[in-house]
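Open the model in your viewer and keep the sequence panel beside it. The stops below are given in the order in which to select them.

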Amino acid sequence: MTTLVFGHKSPDTDSTGSPILWSWYLNEVKGETAKPVLLGEPNTEAAFMLEHWGLAKPEIISSVEAGAPVVIVDTNNPAELPADINAADIRAIIDHHKLVGGLETKGPIDITVRPLACTATIMVDMIGSDMEKCPREVRGAALTCILSDTLEFRSPTTTQHDRDVAEGLARDLGVDLSDYAAKMFAAKSDVSAFSDAELIRMDSKEYEVDGTKFRVSVLETTAPEIPLGRKDSLMETFKTVGAEDGVDQVLLFVVDILKEEATLLVPNDLVKGVAEKSFGATVSGDTVVLPGIMSRKKQIIPNLKV
């Protein structure tokens, strides 16, 4: 059977590009039959990556067959995977997030979880010298993943190794990192075609704090004025999204990549309390600026308090 390689729901660049990279490796180096798939439409930056490097958009799936071989990348959280994931034959997990628990496998598997900023960095290490065989477009996807997850090395999750791998890929590809990252971020910032609900879910994860269920959403942009110009309608849509998704509250952080800060939308006293207790912020309106906050994984999720 064909092994399906996929990341999390609401696929970002890493959850779009890393399945492509690992599927290439399984097919061309390991001699296995594999294909990348997505658990939803890729975001605008991921779509830019596919178009820029001439890569086909992977098939979108919503479930997996019982016993189907799969490799999970860029997550180990069952809440971010198909509801029937434990019926599949999970063969491997490659990730850079904290362990959540809840996945069940048919037997012992290969698990690689490393404290790096990007799944693609881990994969480049695992592939090793065989990266020399990797097609230009797939190496381009790997580079895009790393630049995306590190916000061009601005994110506090960035390690020197992520930077070294990205710079090596850029040299091999003849890519100017700053110019290419600017194009990526411009694509990520173009959210005009998305509804409020789509924006809220575009890059979001469910997280529970002391019995309160949150959808923690992040919009990384070089044009924060665009989503912030829609803050009233976005905050009104929080109610609909919360009811549909079974969460108590949406937290939406608009991350200004260039200023290296986040603006949290504050629709009610619950979120005001979260901002004050979690980040030591003083809230006086329906938004609050959080200087230096850029990473959901390292700075937002670990600090959430209600």
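A polar contact here is a pair of N or O atoms within 3.5 Å; within protein, one must be able to donate a hydrogen and the other to accept it, and residues adjacent in sequence count only if both atoms are side-chain atoms. This is a predicted model, in which local features need pLDDT of at least 70 and side-chain atom pairs count only at pLDDT 80 or more, while totals for chains, interfaces and linings use all residues. Residues are numbered from 1 along each chain as its sequence is written, and side-chain values use heavy atoms, with hydrogens and water left out.

**Stop 1: Asp74**

Select Asp74, in the loop between β4 (69-73) and β5. Helices (H or I, at least four residues) and strands (E, at least two) are DSSP runs, numbered from the N terminus. Which side chains make polar contacts with that of Asp74? One is Ser15, at 2.9 Å; the side chain of His96 is joined to Asp74 by a polar contact of 3.0 Å. Asp74 counts as buried because its relative accessibility is 2%; buried means under 20% relative accessible area, exposed over 50%, and partly exposed in between (1.4 Å probe, protein chains only). Now show its contacts (heavy atoms within 4.5 Å). Leaving aside residues up to four places away in sequence, Asp74 touches His8, Asp12, Asp14, Ser15, Ile94, Asp95, His96, His97 and Thr119.

**Stop 2: the open sheet**

Next, select the six strands of the open sheet, whose order is β3-β2-β1-β4-β5-β6, with parallel pairing. Its edge strands are β3 (59-60) and β6, each of which pairs on one side only. Two strands pair if DSSP finds at least two bridges between them. Go to β5, where six of the seven residues are buried. Five bridges join β5 to β4 in parallel, and Val71 stands opposite Ala92 of β5. With β6, β5 pairs in the parallel sense over four bridges; there Ala92 stands opposite Asp110.

**Stop 3**

Select Leu99, in the loop between β5 (89-95) and β6 (110-113). Is Leu99 buried or exposed? Leu99 is exposed, because its relative accessible area is 64%.

**Stop 4: Asn43 and α2**

Move to Asn43, in the loop between β2 (34-38) and α2. Its neighbours, residues up to four places away in sequence not counted, are Pro11, Asp12, Thr13 and Met202. At the start of α2, a side-chain oxygen of Asn43 reaches to within 3.2 Å of the backbone nitrogen of Glu45. In α2 (residues 44-52), the buried residues are Thr44, Glu45, Ala46, Phe48, Met49 and Leu50. Their cover includes α1 (13-28), α4 (136-150) and α6 (177-189). Just after α2, Gly54 takes a positive phi of about 70°.

**Stop 5: the β7-β8 hairpin**

Finish at strands β7 (residues 204-209) and β8 (residues 212-221), which pair in the antiparallel sense over six bridges. Lys205 has Val216 in β8 as its bridge partner. Two residues lie between the strands of this hairpin, and Asp210 in the turn has a positive phi of about 50°.
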